[in-house]
Amino acid sequence: MKRLSLFSLTLTCVLGFASCSDNVTPAAENQLLNATANTKGSTNKVADAPWVKQFEDTFDVGSSLSQWTKEQRADYNSWYCDYYSSVPTTQWRDGKQCLEIKTTKLSTYKYQSGFITSNYQYKPENNTEYMLSANIKLIAMDGGTYKSFKSTYGAWPAFWSVQGNAWPTKGEIDIMEGYSFAPNASRFTSNIFYGTSVGANLLGNSAERNYPANFDIDGNNGWHLYESFWKMKDNVVTVTIKVDNVTVSTYTNSNVSNLNLNNFGTHAVIFNVNVGSKDSNFIDPNKINLFTTVMMWVDDVTVYKRPI
């Protein structure tokens with residue numbers, strides 16, 4: 001997630017589409033899915049040898065999300081979003097068992113949402129590579145009608161990894177950050193954060209990379225594969241971000257000023273949906289429109305490791 005320093009604000013804490021028929025209600029959809037669904041045993045992401053699975057969550061319905069910490073706090077980047085530990089749940093969505101993070105408008109300038117952090121952490125040793133993958137769908141609802149994420153304003157979902165202690169000295173890797181600005185185009189990016197002093201990001205927005213212009217959030221029924229490849233080969237560290245198997249960005253110490261990937265610590269995996277910002281020039285709080293809700297659905301998440 002972007003940090004307050006990127007907007008020249010005071011850092012207040014160290015850390016850090018229409019897919020269904022327009023008139024299908026959530027209750028009707030759940031009845032249909034529950035009648036036809038089969039229990040899912042493992043993730044859809046399967047990597048052949050020499051990849052070895054290190055972490056997986058298929059978010060089976062009824063799961064207690066015991067592999068995750070569910071945050072209960074205000075968002076560090078927005079005046080308008082509070083995270084509740086009760087928000088992240090597992091649900092049947094699009095015939096899949098999914099993590100669901102759902103926004104709720106509490107008042108004119110306050111929204112409830114969710115934020116989960118994996119208890120699992122990882123980083124590459126020398127001559128190894130890690131592949132973090134998640135299948136995600138972003139969608140909105142207006143009453144019982146599904147709406148495209150692109151039709152909303154002020155939503156800020158993200159899939160990322162970070163070492164929150166002493167941020168940003170142990171780094172942050174943003175695989176997907178989405179920003180909705182209807183009626184203008186929504187925007188999707190990857191990013192990297194790093195600094196040598198607690199609370200001071202040295203990179204600004206210099207590592208932000210926009211997704212390809214032809215990326216369509218509503219394509220493939222709204223489901224997309226987001227991935228981070230983090231490797232160290234002969235002590236040279238590279239991070240590559242892909243969406244739907246297409247490279248979005250490649251980060252090395254030599255192509256981003258002040259970046260030192262060798263100093264990154266172990267990272268946890270994070271999914272969250274923020275609303276608004278502390279910078280009204282970036283997201284105007286008076287324009288926020290999420291209809292009834294904006295939701296992030298995550299079908300599965302895996303981490304694989306291989307020698308290189």
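Are aspartate 94 and lysine 137 buried or exposed? Both of them are buried, where buried means under 20% relative accessible area, exposed means over 50%, and partly exposed is in between (1.4 Å probe, protein chains only). Before going on, note that this is a predicted model: local features need pLDDT of at least 70, side-chain atom pairs count only at pLDDT 80 or more, and totals for chains, interfaces and linings use all residues. Residues are numbered from 1 along each chain as its sequence is written, and side-chain values use heavy atoms, with hydrogens and water left out.

Let's stay with that pair. The side chains of aspartate 94 and lysine 137 form a salt bridge, 2.5 Å from N to O. Aspartate 94 sits in the loop between strand 5 (89-93) and strand 6 (96-102), while lysine 137 belongs to strand 10 (residues 128-142), so the pair ties together parts that are 43 residues apart in sequence. A salt bridge here is a side-chain nitrogen of Lys or Arg within 4 Å of a carboxyl oxygen of Asp or Glu. Strands (E, at least two residues) are DSSP runs, numbered from the N terminus, as are helices (H or I, at least four). Side chains of opposite charge can pair when their charged atoms come close.

The structure holds 11 salt bridges. Another of them joins glutamate 100 and arginine 93 at 2.7 Å, N to O, and both of these residues are buried too.

Now look at aspartate 82, which makes a salt bridge with lysine 110, with the closest N and O atoms 3.5 Å apart. This one links distant parts of the chain, as aspartate 82 is in strand 4 (residues 81-83) and lysine 110 is in strand 8 (residues 110-113), 28 residues apart. Aspartate 82 is buried at 18% relative accessible area, whereas lysine 110, at 23%, is partly exposed.

Four strands form an open sheet in the order 3-4-8-7, with mixed pairing. Strand 3 (73-74) and strand 7 (104-107) stand at the edges with a single partner strand each, so one side of each has no neighbour in the sheet. Two strands pair if DSSP finds at least two bridges between them; strands 4 and 8 run parallel and are joined by 3. Aspartate 82 turns up again here, with glutamine 112 as its bridge partner in strand 8.

Next, the aromatic rings. There are 26 aromatic pairs in the structure. Rings of Phe, Tyr and Trp (its six-membered ring) pair if their centres lie within 6.5 Å; planes under 30 degrees apart count as stacked, over 60 as edge-to-face and the rest as tilted. Tyrosine 153 and phenylalanine 181 have ring centres 5.9 Å apart and planes at 75°, so they are edge-to-face. Both of these residues are buried. Tyrosine 194 and phenylalanine 264, on the other hand, are stacked, with 5.9 Å centre to centre and 25° between the planes. Tyrosine 194 lies in the loop between strand 14 and strand 15 (209-210), and phenylalanine 264 in the loop between strand 18 (246-251) and strand 19 (267-275), so this pair ties together parts that are 70 residues apart in sequence. Tyrosine 194 is buried, with a relative accessible area of 4%, and phenylalanine 264 is buried as well, at 2%. Both belong to one aromatic cluster, whose members also include Trp68 and Trp230.
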